[in-house]
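Dear colleague,

Please find below the structure that I promised to hand over to you. My notes on it follow directly after.

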Amino acid sequence: MTALPQSEQPRRRRLVVLVPLALFAALTALFLGRLLGATDHSVLPSVLIGHPAPPTNLPPVTGLVRDGQPVPGLSTADFAGNVTVLNVWASWCIPCRDEAPVLMKLAGDKRIRLVGINYKDSPDNARRFLGRFGNPYAASGADANGRAGIEWGVYGVPENFIIGRDGRIAYKLVGPLTDENLAGVFKPEIEKALAAKTTASN
């Protein structure tokens, strides 16, 4: 093999160093671009939209009471005939604390049924959480092992689903409900779900 002229050797060494650095910089820029461009996690898609709600039969959170009555667990059969908001929550979830007042306001809308999946939690902690922040749930099932969360395609806690009267998932919001996204996105989707039955029944 012919040796490179001495004048070419430094240039060759610079290329050996600079090419990998340039590739690394390009990959880093691509990764950061995708990461920073996906800051709105609420728009993550769900393959469940438009499909029937997954079979969900969860026991109640042990000892959970609302208005002096035991709060029932969650059953798929309860979705039929109601527009339901399903909130996936946990006592260890920090954003769930911020979301709690918004859920309490939403629970005042008697046209919908607000239910929960208590995700990978202990009954004692779940009861303490709701005792402190309020209990908006007409029903809340205990998903101790996270299996129901997998069936629902949960990315993290909290998440909120709207289920139409036909038992199909109409909308999914990843992340906590806030006053802003409740008014701007979530309530309009609830209104669509409420109107869908009226249209179908005429």
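The buried residues of helix α3 are covered by, among others, β5 (83–89), α2 (94–106) and β6 (112–119), where cover is a matter of contact, meaning heavy atoms within 4.5 Å. Helices (H or I, at least four residues) and strands (E, at least two) are DSSP runs, numbered from the N terminus. This is a predicted model, in which local features need pLDDT of at least 70 and side-chain atom pairs count only at pLDDT 80 or more, while totals for chains, interfaces and linings use all residues. Residues are numbered from 1 along each chain as its sequence is written, and side-chain values use heavy atoms, with hydrogens and water left out.

Within α3, which spans residues 123–133, the buried residues are A126, F129 and L130; buried means under 20% relative accessible area, exposed over 50%, and partly exposed in between (1.4 Å probe, protein chains only). Seen down the axis of α3, these buried residues fall within an arc of 90°, so they line one face of the helix, the arc being that of the directions from the helix axis to the C-beta atoms. The face turned away from that buried side carries the exposed residues R128, G131 and R132. After α3 comes G134, with a positive phi near 100°.

The largest cavity has a volume of about 60 Å³; a cavity is a set of points, on a 1 Å grid over the protein atoms alone, where a 1.4 Å probe fits but cannot get out, and its lining residues have an atom within 4 Å of a point. Grid points are joined across faces, edges and corners, and the volume is the space filled by probe spheres set on the points. Of the 13 residues that line this cavity, the closest to its centre are C96, A100, L103, F129 and Y137. The most is given to the lining by α2, with five residues, and β5, α2 and α3 each supply at least two.

C96 is also joined to C93 by a disulfide (S to S 2.4 Å), a disulfide being a pair of cysteine sulfur atoms within 2.5 Å. Both C93 and C96 are buried.

Finally, two backbone features may interest you. A cis peptide bond, with omega of about 0°, joins V157 and P158, and P158 lies in the loop between α4 (147–151) and β8 (159–163). K120, although not a glycine, has a positive phi of about 45° and sits in the loop between β6 and α3.

With best wishes

Note on methods
1 Å grid on protein atoms, 1.4 Å probe; cavity = no way out; pocket = protein on both sides within 12 Å on 5 of 7 lines; lining within 4 Å.
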